[in-house]
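Hi,

Here is the model I said I would pass on.

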Amino acid sequence: MRIILMGPPGAGKGTQAEVLTKRLNIPHISTGDMFRKAVKEGTPLGMEAKRYMDSGRLVPDEVTVGIVKERLAEEDCQNGFLLDGFPRTVPQADALERTLQELGVKIDRVINIDVDKDALLKRLTGRRVCKSCGATFHIDYKPSREGNKCEFCHGELYQRSDDSEFTVANRLAVYAEQTAPLIEYYERKGLLLNIAGDTEVETVTQNILKALGSV
Ligand code: AP5
């Protein structure tokens, strides 16, 4: 199955992607994770991406499209994949369509997770991530059983540099302007499934799987 997971920052894309990719046995392709890895490794891509990410802006389309194109050509994507956080602009969506045409495949479904703005602010400013294994927690909704250490690997938890109140406000504005138009884009193609994201994590997962026809 080839799926795009859409939704504003903090909608729960990463949280849902982790469960869905295990259930559906497909790779999880997150452009945000790819950029964060490049930043951590100090590569030229990471240094360029960091300038945009820290201010809540989008990394330029040509850079983002290039890394996704390379990733989709890899062996493990042959039988499906889940795209998380890509595409985020109409030019990215058009480029994705061209890439998939070259590969002779099509997107099956686009899942749009919908959550209201106040809830997004609370989710993002309260998010904590493990420095070692990348597990995601929330100080109120999903606290680690080990306080400020990861309950899975005992790594240190940190707040993403783009989860400050100021940057979050920018990210939400960028989403409204540049990414939200993709909802209509995919609706017109008959691919869109809207899922309410303001309930328990497990309920959201079940609703997505039901909508995909997998349960
Ligand atoms: P990216 O990493 O993709 O960030 P994002 O889209 O802003 O999404 P988030 O990762 O912040 O949120 P999420 O929806 O995954 O929520 P999560 O599951 O963590 O991108 C970061 C940056 O990289 C961008 O700003 C941009 O600069 C750049 N970038 C990335 N892709 C790009 C592209 N295609 N083009 C250009 N630039 C790009 O959940 C959030 C919190 O809520 C967690 O604490 C979680 O525990 C909690 N939570 C989740 N679900 C629930 C629930 N149901 N109830 C209660 N709490 C919940």
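Proline 87 sits in the loop between strand S3 (81-84) and helix H5 (90-103); helices (H or I, at least four residues) and strands (E, at least two) are DSSP runs, numbered from the N terminus. A cis peptide bond links phenylalanine 86 to proline 87, with omega about 0 degrees.

Before the rest, some housekeeping. This is a predicted model, where local features need pLDDT of at least 70 and side-chain atom pairs count only at pLDDT 80 or more, while totals for chains, interfaces and linings use all residues. Residues are numbered from 1 along each chain as its sequence is written, and side-chain values use heavy atoms, with hydrogens and water left out.

Now the ligand. There are 35 residues around the ligand, and Thr15, Arg57, Arg88, Arg127 and Arg171 come nearest; to be near, a residue needs a heavy atom within 4 Å of the molecule or strand. By class, this shell has 12 nonpolar, 13 polar and 10 charged residues. For the classes, Ala, Val, Leu, Ile, Met, Phe, Trp, Tyr, Cys and Pro count as nonpolar, Asp, Glu, Lys and Arg as charged, and the others, Gly among them, as polar. Helix H1 (13-24), helix H2 (31-41), helix H6 (117-125) and strand S6 (136-138) each supply at least two shell residues, and H2 gives the most, with four.

As for individual atom pairs, the side chain of arginine 88 has an N or O atom 2.6 Å from an oxygen atom of the ligand. A polar backbone atom of alanine 11 is 3.2 Å from a ligand oxygen atom, and a polar side-chain atom of arginine 123 lies 3.4 Å from a ligand nitrogen atom. Overall, the protein covers 95% of the 1000 Å² of accessible area that the ligand has on its own (Shrake-Rupley method, 1.4 Å probe).

H2 also packs against helix H4 (residues 61-72), at an angle of about 100 degrees and with the axes 11 Å apart. Axes are lines fitted to C-alpha atoms over the stretch in contact, and angles run from 0 to 180 degrees between N-to-C directions. That makes H2 roughly perpendicular to H4 (65 to 115 degrees). Thr31, Met34 and Phe35 of H2 meet Val63, Thr64, Ile67, Val68 and Arg71 of H4, contact being heavy atoms within 4.5 Å.

Cheers

Conventions:
A polar contact is a pair of N or O atoms within 3.5 Å; within protein, one must be able to donate a hydrogen and the other to accept it, and residues adjacent in sequence count only if both atoms are side-chain atoms. Angles under 35 degrees count as roughly parallel, over 145 as roughly antiparallel, 65 to 115 as roughly perpendicular and the rest as oblique.
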